[in-house]
Amino acid sequence: MRLWWLVMVFNGWLNGATEAVRWVELDPADLPAPWSLIVDEQRAKEQVQANFVEERSSRLRRRPALFKGDLIFSREEGLSLRYAAAVSSIVVLDAEGIVRRSIEGERNIPVSDGMGGLPQLFLELFALDLEALQARFTVEGQLLEDGWSLRFVPLAATAETLGIRFVVLEGSDGWVREIGFDRMEGMRLRIRLSNHAVVEALSQAVREERFR
Amino acid sequence: MERIRFSPGPRARNGLLVMLVVLAAFRLATVPWHEVLISSVVELLPKAAGGEGAVAEAMREAQAGLVFFGGKEGALPPEVAQSLRAHLADLPGVKNAGVGFGPPSADALGRVLLEHRLALMFPTWLAEAQARYASLRPGLDFPEWLAEDAVGRLDAFLDAPDSLGLETLIETDPLLLLPSAFEAFEMPGADEGDAPDARVWLQLADDPLKTEVQEVMLPAILERVQAEEAAVEGLRIVWFGALRFAAESRAEMQREVSGLNVLTLLFVGLLATLVLRRPWQLMHLIVPVVVGLLGGLAVLTLVFERLHLLSLVLGSILAGVAIDFGVHLFFHSAERGSDRTVVRALLVSGLSTIIGYAVWASSSFILARQAGVFVATGLAFALIAVLLYTPFRKPAAPRFETLLRKELLPFGRLARYGLGSIAVVTIGVLGLKLKWDDRLEMLDIPHPELDEAVRMIAAQGAGGMDNRLVYAVGSSYIEAAEGIRKMDSRAIGLASFIPAPKAIEAVQAFAPQGEAFLGAWRRALEKKAFNRALFAGFEVPLLAYLGGDPEASITRAGTALTKVFEGPSSILIGSVDGMHWLGAMRSGLEGSEEPLPRGVFRLGVREELEDLIRTWRMEQVRLSILGMGVIGVIVFSFFPVRSSLLVLCLPLGSVGMTLSVLSWLMDGLNLFHLAGALLGFCVTLDYVVFYDHCRRAKEPFPASIRFSALTTMAAFGVLLLSQVEGVRSLGATVALGVLISILGLELMRPPPSKRGDV
């Protein structure tokens, strides 16, 4: 019994010590050199397109749901996710809220308490707007051998509103590779990005199809 | 048998008169005028009791108690709006205060809808599922099929990206009643603007049309507004409400009534000085006017609980006629001595006028009813005063200067017939163009500053200011919602949450299958790999709902909804005396003449009032014709046929010509023109009766008629300075009518060569 207790304490100390070493709290107003370069590089891209795989785990279901598609992020227009599987629809997140287009037609989705500030959070994460995120989260960073990782731990009020434990943004080679949401009560969302490309300008047709 | 005659002496006459005045004055001194006098046009709407009328009344009262606030230079900053709301809500006498005129937020509404989702949405959900089942014919029992269909929809919903964040809701509402209802719902009058609605409202606890409420609340609100303005540099707040409109209308009308009265006195005094030899004796004429006004007002306060200021303005008719009673008797006595036939003429003229106005008392228009009682009883008092007041029988009365004895129209017979024919043709030609004006503005006092505040505040948001909402009333919310659906299927607003009767029937039929459905539901969840245990909390409320009364649960849900629809949006749902109402927007109603379905009506006070004005006007035409008919009968029963025709011909011609000319000059004739026309008829009748009396007695043309016409024209001409269009209309009609009458009388006189008088 004592041995088990010792193991538990040791493990806890070890994990805590490891955490303390790996995650560094960042001040968006005064970023150290590697982070300022990473953030500046991301912010320089006005429009980006990529493929995505979204894995949604919910305690309601015993198996996670998987979705695939491609996205366009534009600092001006917002985020457009075109789902090809397992559903077929376009979801636009912008300053005005969310629009879903599907074969049934287009509809505005009211931003309710349940959805909280999630659309806005998505836009801030894709824009890597650390100043805005800092108002609701503690920003922590971790430099890895082959990339970087940012963790956003919500302040108490945000945690309650959004029901989020933390959000992790991972990147490498100048691109964001994965966005992960760990929500309360075992609900998780992972969006893995691939085939990134910078889009120089959005054509009118693309604007009309993919944005509001 | 000796005939007993009532012939009191001068002392007894004066004593009786004093007694009348004392009684009337005593009554008036005990009247709580602050509570009795009203000035708002809204109060002209007939009070209806019970049923739909009670609902209309409740909605109107709720809206009348609102006061609205906005920024003078654009919308209020949100923090100022919140601060102002908090400070106003603290005021004693304020029931509630809020920010934003639109319906409640999606979250506030969503909370109520979630709590009452089964009552409100399950019936429709079930009825739609039954329809799908009937068309698909799936070969399964309905509960089995329904469970699989519902779980399949839940699965698809969770696959949709926008389900993100709704997991907790879905545990409570796995049938997705709420998301489906929100998808179909369009909030009536919702603010579609980008900026949040920062307009502030407060709801008063008491009737804002009461003077004592205005006297307490107006300074208190103003103080809070000024404190808010002082706290933020450059901030200017505009505000309005029935409270302010009523108070300013009352003040303006009181100013106007006193101003116009002073002007009338000045004009009449000036005229008297010009045309009378002993003008100070004219003071005696005030006696019947004062007795008439006191008596009429005393009776009016006994008959009606609340008096509209405009009906008192219409009471100026009373002064206009009452003074003529004195003029004829006074000057006739002065010039020819006491004469019983003059008293007879006076009685005929006076009684016919009284009866003519008494007909108004049967009107459904409160203004006409009050004016009718006021004028008829006041004239009765004035007539008694004229007969009792001894100086009117003394020859020491004032005499006319020669100015009033001169020939006015020194034309020959041919010219007179020519002018008469022109008059008849004018009536005929212009009369064909007779049109009516039933706009509300004729009753209202303009308030440019407040109107500007209304415009500014309305421009600062989209919701809550539209008075073109349509309502359905029913004995339940279900019936009210049916009424809305029958009106328009495009925008049914809040009614979309209330199930149709057929959906309620579907629930009642389904209730015994509840357990079977839940069993199938659990199996379907298992099949689709859902964590079934998480949905267990949904089963108990569903069984409880299916075991209860679905209609009663809708009433409870409706009551809960009324609690979140506050302030300006409270008009969208409510109940009173067992009647329930729902509001919805309806397009294409403007200018529509089609009758609304039963149980559906417009709240717009303007439209309702204009409809009423139109009805009242038509009624007023009938009543005026009836009144003139009664007068005609009286005239025929007192005078020979030839005299009766003469006596009635000129007043009728004068009224016809006046209305024809005014209809041609103005945009149309209104209620007040009609009121003035009857007065013109009575005044002219009075002149003709006295003229006829003198003609038959071979006496000279009575100068008192010219004097009376001059004073009447002066008194009613002054009304042209009024700010109220209706009062101006009354003044114009009477002044023009009297002018036409006096010219007509002059034309009716034989040429100087054929008569002995001057």
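Me: Leaving aside neighbours within four places in sequence, which residues is Ser643(B) in contact with?
Reply: Asp692(B), Arg695(B) and Arg696(B), where contact means heavy atoms within 4.5 Å. This is a predicted model, where local features need pLDDT of at least 70, side-chain atom pairs count only at pLDDT 80 or more, and totals for chains, interfaces and linings use all residues. Residues are numbered from 1 along each chain as its sequence is written, chains are lettered from A and ligands numbered from 1 in the order written, and side-chain values use heavy atoms, leaving out hydrogens and water.

Me: What makes Ser643(B) count as buried?
Reply: Its relative accessibility is 4%, and buried means under 20% relative accessible area (exposed is over 50%, partly exposed in between; 1.4 Å probe, protein chains only). So Ser643(B) is buried.

Me: And why does Tyr133(B) count as partly exposed?
Reply: Tyr133(B) comes in at 23%, so it lands in the middle class. Phe142(B), at 9%, is buried.

Me: Why is the pair of Tyr133(B) and Phe142(B) called edge-to-face?
Reply: Rings of Phe, Tyr and Trp (its six-membered ring) pair if their centres lie within 6.5 Å; planes under 30 degrees apart are stacked, over 60 edge-to-face, the rest tilted. Here the centres are 5.0 Å apart and the planes at 75 degrees, so edge-to-face it is.

Me: What makes Trp521(B) and Phe538(B) a tilted pair?
Reply: Their centres are 5.4 Å apart, with 55 degrees between the planes, so this pair is tilted. Both residues are buried.

Me: How do you know that the charged end of Lys45(A) sits over the ring of Trp175(A)?
Reply: The rule wants NZ of Lys or CZ of Arg within 6 Å of the ring centre and within 35 degrees of the ring normal. Lys45(A) has its charged end 3.8 Å from that centre, and counts as sitting over the ring.
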